[in-house]
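Here are my notes on this one, written as numbered points. Have the viewer open while you read.

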Amino acid sequence: SACRPEGRLLTIGFASGEVPPIPANLLLVKNLSVIGLYWGGYLSFAPQILTTSLRTLFDWFAEDGLRPHISHELPFDAYPDGLNLLKTRQATGKVVITL
């Protein structure tokens, strides 16, 4: 695991469709925590958490506090190439299509 000791692994979803195993020995040796998060579930029992967290994220982004990694920036006419980068898992960050 790339986590530092006492880090937290946040499981959000599995884009490949396969649920990877979490080696318990790494959790033990590095004192890691694993937290499952079904983000959409908050809509039914605590929607204010979604609203507040999204507002915070957008504020951080507006203040240049978040800088997402952009691995590819392509012109609009190359959007099929951008989709292929995602499909073949060659993108290492965001794929941005410019208009």
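**Notes on the model**

1. Let's start at Pro47, which sits in helix 3 (residues 47–62); helices here are DSSP runs of H or I with at least four residues, strands are E runs of at least two, and both are numbered from the N terminus. Pro47 comes out partly exposed, at a relative accessible area of 39%. On that scale buried means under 20% relative accessible area, exposed over 50%, and partly exposed in between (1.4 Å probe, protein chains only). From the C-alpha of Pro47 to that of His69, 22 residues along the chain, the separation is 29 Å.

2. Some ground rules. This is a predicted model, where local features need pLDDT of at least 70 and side-chain atom pairs count only at pLDDT 80 or more, while totals for chains, interfaces and linings use all residues. Residues are numbered from 1 along each chain as its sequence is written, and side-chain values use heavy atoms, with hydrogens and water left out.

3. Now the overall layout. The chain has four helices and four strands, arranged along the sequence as β-α-β-α-α-β-α-β. Its radius of gyration is 17 Å, well over the 13 Å from the globule rule for 99 residues, so the chain is more spread out than a compact globule. (That radius is taken over C-alpha atoms, and the rule is 2.2 Å times the number of residues to the power 0.38.) The C-alpha trace spans about 50 × 35 × 30 Å along its principal axes, and buried residues account for 11% of the 99.

4. How do strand 1 and strand 2 pair? Strand 1 (residues 8–11) runs parallel to strand 2 (residues 33–36), with four bridges between them; pairing requires at least two DSSP bridges. Thr11 is placed opposite Gly36 of strand 2. With helix 1 (residues 24–30), the two strands make a right-handed β-α-β unit. Right-handed means that, with the strands pointing away from the viewer, the path from the first strand over the helix to the second runs clockwise.

5. Further along, strand 3 (residues 70–75) and strand 4 (residues 94–98) are parallel too, joined by five bridges. Check His72 against Val95 in strand 4, and Pro75 against its bridge partner Thr98.

6. Which residues form the nonpolar surface patch? Trp39, Leu54, Leu57, Phe58, Trp60, Phe61 and Leu66 do, with about 700 Å² of accessible area together. Areas are Shrake-Rupley values with a 1.4 Å probe, and for residues only the protein chains shown count as cover. Patch members need over 30% relative accessible area and no salt bridge; nonpolar side chains (Val, Leu, Ile, Met, Phe, Trp, Tyr) are joined within 5 Å, like charges within 9 Å. Leu54, in helix 3, is partly exposed at 32%.

7. Finally, the charges. The count is one salt bridge, defined as a side-chain nitrogen of Lys or Arg within 4 Å of a carboxyl oxygen of Asp or Glu. Arg67 and Asp64 form it, at 3.8 Å from N to O. Arg67 is exposed, with a relative accessible area of 64%, whereas Asp64 is partly exposed at 46%.
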